[in-house]
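Have the model open as you read.

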4 protein chains.
Amino acid sequence: MTGRRRESGAGTEPRPKRRGASGDKRERILSAAIRVFAQNGFYSTRVSEIATAAGVADGTIYLYFENKDHVLISIFEDRIGKLIEVMRRTVKESTDPREQLQRVIALQLGQVEENRDLAEVVTVNLRQSSTLLKQYATPLFVKYLEVIAGVISDGQKQGVFRTDLSPRVAARALYGGVDGIMLTWALGEPEPKALRKAAQQFTTLFLRGLSPEAAPDAE
Amino acid sequence: MTGRRRESGAGTEPRPKRRGASGDKRERILSAAIRVFAQNGFYSTRVSEIATAAGVADGTIYLYFENKDHVLISIFEDRIGKLIEVMRRTVKESTDPREQLQRVIALQLGQVEENRDLAEVVTVNLRQSSTLLKQYATPLFVKYLEVIAGVISDGQKQGVFRTDLSPRVAARALYGGVDGIMLTWALGEPEPKALRKAAQQFTTLFLRGLSPEAAPDAE
Amino acid sequence: MTGRRRESGAGTEPRPKRRGASGDKRERILSAAIRVFAQNGFYSTRVSEIATAAGVADGTIYLYFENKDHVLISIFEDRIGKLIEVMRRTVKESTDPREQLQRVIALQLGQVEENRDLAEVVTVNLRQSSTLLKQYATPLFVKYLEVIAGVISDGQKQGVFRTDLSPRVAARALYGGVDGIMLTWALGEPEPKALRKAAQQFTTLFLRGLSPEAAPDAE
Amino acid sequence: MTGRRRESGAGTEPRPKRRGASGDKRERILSAAIRVFAQNGFYSTRVSEIATAAGVADGTIYLYFENKDHVLISIFEDRIGKLIEVMRRTVKESTDPREQLQRVIALQLGQVEENRDLAEVVTVNLRQSSTLLKQYATPLFVKYLEVIAGVISDGQKQGVFRTDLSPRVAARALYGGVDGIMLTWALGEPEPKALRKAAQQFTTLFLRGLSPEAAPDAE
DNA sequence: CATGAATGAGCATTCATTCAT
DNA sequence: TATGAATGAATGCTCATTCAT
């Protein structure tokens, strides 16, 4: 990716993998990275900037992450991984597919509302199109889509969603819609209400779009 | 003789040497850039790679573009600018807002189907989060949204679209959906049919989402 | 964005960074630069040549100097700054203006005799006529002239120097004479004696030129 | 020197040497070069800038000069060569060595007064310390010094100048003094009177410096 | 003779990564 | 563990020079 010094090949990985001990420092680096990546983008961010923001020395970064690429990768793995976990739990809290979708949408935008920088990183930096990132981001993306598609598929079986749509296509549409809303919010005006309102409107739009025939969106 | 092009070769060189209509060379650079940006991403692409792909010398790039950044910027201005123009014309070809939206969606995905690399560049590289790019991409994005929002707004006035949704929010959702489909297609399997089918499904999803009929969305 | 070269971007960062201990390295770079600048001239010297001559990596130069220009600037500031300091002290060691001038001349040419390269850099590279250099070299030059002019002015008040000459013009003449001698010596034959002899002769020439006695310069 | 493309070795010179015919254009390029060299210095001046200032195309420069280096070289050869010629004639116009020196000094500073840019180029750009320039500038410099030294030597023989000074050292001192005055004038305030006054003062300084014993400067 | 679009070698500078402390 | 000075490979951009027209 960055390919400055050594190749970040797939092979031998001298991964230091700090976990228990001073995992605190690892966390500080990660959240600092989210901040600066959101500010300047991945490529324009210097490792030294992350270090400064995290209050550690440049070299310390390399005790917790293989290289700069893996800092970004870890953000996805940690944050998106957690999001998917929470999404799964959220889905189980209800049996009504319509309500499940509504909650999932609210969950994503809610998390983003709490951490605007994360939104920027997720929507903007997710797409740096490096082979390396595709490698790490795509699997997560697939898992994400599977959760959504699962809900839709269930809804179709239960008869609450129209059946002439592919659950995966619909899932992508949901992802795209949420992403589009996050993007315009992250780049535009920081009004929290706007985000929540947009989320609500998108939910009704999407749910009616999935409704079988012209059935009412009764709630 | 500094050995300009290939040494030795007697008459093997067709010597493309454009003259006058050098707009041709600009175009060659641009389409070459789309190809390599799609392949490696903006930041990982070397200027020399663009030059090689375009069949020109490195320095020639700088006769047509201020710097590497402006090559990407020009892609947006040229390609997206044209897309918006065509979208505007397409919208005028019909008076039925539903049909207008359908055509707009088909138009975008159709263009992308012809040039998969463009899809990659537009969806992936649009988001490099540089101040510079925001500066150039955002205005275009706004114009794009205005066209869509205009159609939706018209539809609401004509009574064919529900009126409880903000045209702008809906426009973002449409953008996001199209983008999500483009993204998964660009990154995933290159089956053309999949794209068209997804486009069709997304259209019906979106149109029903906008439909006014049925009962109210309890609010 | 890509920001490779100068970029007047965010903060005005004159980064002299390292301090203290490795001031040694700064000194090594500086004296290496004097050597290679004398050899090839400022513009024809590559940063990598300075680095090699100093036994450091290319990048190390930039830990101690803002850029190549500032390496040259620092040479002036350091070396000429020191010279002016020594000149001031030297002047105070005597109360006889004639002796003061003699010592000042001997001092300059003596220093140069020890470091022929410095002579080359000072006389030759001082005049690269870049806005930047004018900015840095001129103030030093003014200070230099002030020391000389001060001595001459004192001599006039004491009655040992003729009073029909502007101290500043005479100071420039002294500078010019010394510079001319240094230049021809630096460019020509490296015989040390020649330099000392020339210095002595120039001193008597200049001192008699300043002498008050005799008749007017009738014209 | 510039060493971009080919070596400007001493050997094969495909010198187009326009002279009679459109020597006009050659002259325009030369005077344009003096202007821009004075403004930005030799190295910071682009060939295209010379061309623009001269009102010709970039490539045209190469019809009259071998390369950029030779534009500067030609300035010296033409302008300084002429100066030396005029100096020789001027010297012959008088038989009094004192008057000869005075005229020579006035001549140089007078010429410079007419063309301030030339002063800048001669004093500043003469010293770019490139092997190439040394090659061309040094011989001219020697000729220059010979004229001055000749006058001084004559004066010594005639008994009007002290004999304990080497004519060559005195000549260098004269050169240096004139150069120092030109330099401060070229870089500093553009008041013409200041130059003339300084010239006059320097002349009296120098002549008294050369005077035998304390004899009157009777004329 | 003149032009100026095109060339491409060359270099200043950056910054991810290392490693002695 | 932590540090941050040092490294040096990598690359965007410049500009002298060429040559087809």
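## Ground rules

The axes are lines fitted to C-alpha atoms, for helices over the stretch in contact, with angles running from 0 to 180 degrees between N-to-C directions.

This is a predicted model, in which local features need pLDDT of at least 70 and side-chain atom pairs count only at pLDDT 80 or more, while totals for chains, interfaces and linings use all residues. Residues are numbered from 1 along each chain as its sequence is written, and chains are lettered from A, with ligands numbered from 1, in the order in which they are written.

## Chain A overall

Chain A has nine helices and zero strands (DSSP runs numbered from the N terminus: H or I of at least four residues for helices, E of at least two for strands). Buried residues, those with 20 or more other C-beta atoms within 10 Å of their own C-beta, placed from the backbone, make up 44% of the 219 residues here.

Take the contacts in chain A (C-beta atoms, placed from the backbone, within 7 Å) with a separation of 6 or more: 66% of them join residues 24 or more positions apart.

## α5 against α9 in chain A

Helices α5 (residues 97-114) and α9 (residues 192-210) of chain A cross at roughly 155 degrees, and their axes come within 10 Å. That makes α5(A) roughly antiparallel to α9(A).

On the α5(A) side, the contact includes Leu101(A), Ile105(A) and Leu109(A); on the α9(A) side, Phe202(A) and Phe206(A) are among the residues involved. The residues of this contact split into 10 nonpolar (Ala, Val, Leu, Ile, Met, Phe, Trp, Tyr, Cys and Pro), two charged (Asp, Glu, Lys and Arg) and two polar (the others, Gly among them).

## α4 against α5 in chain C

In chain C, α4 (residues 68-92) and α5 (residues 97-114) pack at about 150 degrees with axes 9 Å apart. They are therefore roughly antiparallel to each other.

Leu83(C) and Met87(C) of α4(C) are among the contact residues, as are Val104(C) and Leu107(C) of α5(C). The whole set divides into six nonpolar, four polar and one charged.

## The cores

A nonpolar core is a set of buried Ala, Val, Leu, Ile, Met, Phe, Trp, Tyr and Cys residues joined through C-beta atoms within 7 Å. The largest has 120 residues, with Ala33(A) and Ala33(B) making the most contacts inside it. Apart from it lies another core, of 119 residues, including Val104(C) and Phe65(D).

How values were computed: Parallel < 35°, antiparallel > 145°, perpendicular 65-115°, else oblique. Contact = placed C-beta atoms within 7 Å. Buried ≥ 20, exposed ≤ 12 C-beta atoms within 10 Å, placed from the backbone.
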